[in-house]
Each structure stands twice: as structure tokens, then as C-alpha cells.
Amino acid sequence: MEYRLNLPVEEVEVKKIRVGDTIYITGTVVTARDEAHKMAIEKHDKGEELPLNFSEVAVYHCGPIVKKENGEWKIVAAGPTTSSRMEIFEYDFIERFDTRIIIGKGGMGAKTTDACKKFKSVYTAFTGGAAVLAANSIKKVKDVFWLEELGMPEALWILEVENFGPLTVTIDTYGRNLTEEVKNRARKVAEEIEF
Amino acid sequence: MNWLIDAISDLVAQAVIDLPKDVEDALKKAMENEEEPAKTQLKAVLKNIELARIHKKPMCQDTGTPTFYVKLGSDFPYKDLVEEAIIEGVRRATEKVPLRPNAVDVLTGKNSGDNTGRYIPFINWEIVEGSDCIITAMPKGGGSENMSTLKMLKPGVGLKGVKKFVLEWMVEAGGNPCPPTTVGIGIGGGADIAMKLAKKALLRKIGERHKEKKIAKMEEELLSAINSTGIGAMGLGGKTTILDVHIDIAHRHPASLPVAIAVQCWANRRKSIKIDKEGRVWNID
């Protein structure tokens, strides 16, 4: 199935989505890598105020190349980064912030799958390396936070996107994890092969 | 000297912007044969390749480690300029295209900012007869490079053991190297020789078999075995996990059986130019 979703997205809509579906999103996306995940969780636990409401946006594992032109930030390239690095943070992140859509590449593990089932979120894969395609559907850099503290790739870039995708759903709210299933099947096939 | 720097800078720009036709054709074929959701992912890859050409932007944000293969004619009149021109050409392309700065000092963690540094750009030299110089740029992405590996096998496991190792490795790599990938394999020599052969084998065109029949057969066997595992584009399941396997071999030490695997992402980038003794520059396929 293919879905076009507007952010923020309701829990009931997220529950319709299954692994293998493709979604395109319109609305606000925030980039966050390892350091931003860590900082958001720490600030939340200390009771500090956060610069945005993560439940209303999609979180994108991406360290973009951004440049300032005539006082405005412009995205040069914004492909996804490997999501497995965020595996150690994602459960705690989803639990605290109720982010409904996570975007990255390469798939995520058992803890994130667990969080997606428990707190009703999905993990989706954007095409690895497709930097120009990504940049094409980013309409505007709305804001940036934690730029000084974390630097360009790790900062929270608030992006306005239109029909951002294709995003293939690899973890749904029912506990399925497509990339793990694919890998397990591949291991079985490989075991049977005799050279 | 400036003309040579410009030629190198243009070569690097072309390499990161314009995917070779044989690779694009192989991706197209994969897309046509594929089912969802891999089909959508491959369509996105193809669309991205097209947009990169139209907007003259790098097809991937990771513009790679600048790696070069030079066939230097022993009578090429500008041979003393080539190394410096490659370094300067990379600097120029980094600013002009622009490229992502990808050269980090191992000791300090500092990014040089211009894609140059100790041994970077890395140049593989080969001295050949004649007065021409052929320079190939291969920008090598980090995500797929992280899935490259080397194993010193026990010679007793034989070629069967080699094939099993490659197959199992590519399954575990899964979606990480941005499949459909191209796999270069070096067998024999020593550890360094095997890895050099593996990476150099990536310069071959998709579908181009090794001229030695036994090696060609092994390439075909591995191609079909790896694709039968169904890892698919981006590890989401599908028929095409890899576009091709290119193997090269060297005689080995009786006690060693080194096997090196160099993995290249779908953005299998490589571009070559030929420069003659008059300083004329041609793009070559």
C-alpha cells in the first residue's frame, strides 16, 4: 500500500501502516543523529525545556550539508545516515516523545521494534544515498537548534518537506521488522547453498 | 600545470555527478524485474541519478574518499606534474562542486576541509609503455567501505571455503552498504595484495567477466548465490542484492589463502580521462 500523510499524524493513522508499505510525508521533519538523541533525552529527564514538540514531527536520521545564502539556510544534500547507530537511544526517545514516524536507512533492531509496538510508531527507510532526491522535496529550512553545541551534521534542522519519500516501512506497530525478517530468510538460504 | 589541475577537477566532478552507463543500465534492469517495495526504492535511485545530472549535483552526499588509478606512460612528458595536479584537482573540485570534506586526521580527529591529507587522495600508480597517461577517479563511499573486509582463510578450505565466506559476509552486510552493490574480490597474494586486487576489480564494467574461464565461472556462481538470498535493494527484500561480482587473483603463499572483499554501493562511481603528449584530454569509457 502507498500512503500520503500530513504531519502531525494521528495514532489511528499510524496503526493502518504495515511493513512493506510506502509512505510520502508532507509537513515538518527534524534531523537528529546520535548526539541530538542523547541531548534530547538528557534535557527531558532533567526537566529542561525542549525547542520543539517531537510528537508533531517526523525524526530523520540525517546529517545534512547546509549552507547559508543571503542570510538563509539552504540544503545542499540530505540523504539518510545509518540508523543502527541510533538503536541505543531510540526506545528511550520514542517512550518520552511519542514520535510517530522515524526515518533512516539500513533498518533498526529489537529495542526499537519493541518501542514501535508499545508506543505506536513506525520506522521507515529512505533510499540510501539519494541526496538530490531528498533535497528536492525539502522546501525550506524553518529553523535550527543546538547548532553551536553539536555542529552542522548533528544539529536539529527543522525542515519543511513536501511528499518526502519514498519511505518504505520496515518496522510497524505490530512488532514486525522487515529488514530483520529479510536477513533471517537470507541466512537460511545461504546455509543451504552448496558450492 | 593549471590545465592539468582543471582536467582533474573536471574528472572528479564528472565522477560524483554522472553515474557510468553500464551501472545505470544494470540498475534499470533490476528495477524492471523487481517487485514492491524494492521496485519503488530502485525507481527512487534512478530518479536521483537523473536529478543529479540535471542539477549538476553529486548523486550522493557522501562524495567518498578520493581514490585514483593512474596508468602513466613512461614517455608521458608531464609525468612530474601528475601527483601534484591530482592533489590540487581534488582541492579545486571540493570547492567547486562542492564535495563533502571527507579527510579526517586519525590522531586529532580534525577534518582537513579540502579532501586532502596524509596519503589522501590515494593514488595507485602503474607504469606503462607509451606517451599517454590514463587517470581514473573512483570516489569511494564510506558506508559501503565499512562493509569491506579481509580474511586470512586456511588454505585447506579451498575455493569452496572462499565462496562460502563471501556469501555469508554479504548476507550479514544486509542493507548497510546501500544495495544493489558491486562486489570486488581479491584472492591470494598477501593481505595487502588481496585488498588491492579486490578494489581494483571494481573498475571493471558491470557484466564484464574475467578473461580466465575458471574465474569467470566463479564470478557467475557468486553473483547468482548472493542474489538468491533475497536481501534486495536497501536490504528490504528483493531479487537484486548485487549488480555484479568481479574477482582477481594472485599467486599465494603455501600457508595463506587471503580473501579480500571490497563492497561498492549502488553509486558505483568511476570516470577516466586520457591525456596525450600534447596535453590533449579525452574522456574515455
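1. In this predicted model, chain B has an open sheet built from four strands, in the order S4-S7-S5-S6, with mixed pairing. Strands S4 (149–153) and S6 (242–252) of chain B sit at the edges with a single partner strand each, so one side of each has no neighbour in the sheet. On average, neighbouring strands here are turned by 15 degrees against each other, ignoring direction.

2. Now for one pairing in that sheet. S5 (residues 181–189) and S7 (residues 257–264) of chain B run antiparallel to each other, joined over six bridges. If you want a spot to look at, B:Ile185 has B:Ile261 in S7(B) as its bridge partner.

3. Helix H7 (residues 191–201) of chain B lies across S4, S5, S6 and S7 of chain B, and runs at about 35 degrees to S7(B).

4. On to the domains. Chain B is assigned a domain 1 (2–14 + 59–141 + 269–284) and a domain 2 (142–264). Their centres, taken over C-alpha atoms, are 26 Å apart. Twelve residues from domain 1 of chain B and 14 residues from domain 2 of chain B make up the contact.

5. The two domains of chain B bury about 1,000 Å² between them, with 48% of that on carbon and sulfur atoms. On the domain 1 side, B:Tyr69, B:Lys140 and B:Arg270 lose the most area to domain 2, together 54% of what that side buries.

6. As for polar links, there are two salt bridges between domain 1 and domain 2 of chain B, and ten residue pairs are in polar contact across the interface. Strand S2 (residues 122–128) of chain B gives the largest share of the domain 1 side touching domain 2, three residues.

Technical notes: Residues numbered from 1 in each chain as written. Chains lettered and ligands numbered in written order. Predicted model: local features only at pLDDT ≥ 70, side-chain atom pairs only at ≥ 80, totals over all residues. Heavy atoms only, no water. Pairing = 2+ DSSP bridges. Helix = DSSP H or I, 4+ residues; strand = E, 2+ residues; numbered from the N terminus. Axes fitted to C-alpha atoms, helices over the stretch in contact; angles between N-to-C directions. Contact = heavy atoms within 4.5 Å. Domains from an automatic or database assignment. Buried area = accessible area lost by both parts, 1.4 Å probe. Salt bridge = Lys/Arg side-chain N within 4 Å of Asp/Glu carboxyl O. Polar contact = N/O pair within 3.5 Å; in protein donor to acceptor, adjacent residues only side chain to side chain.
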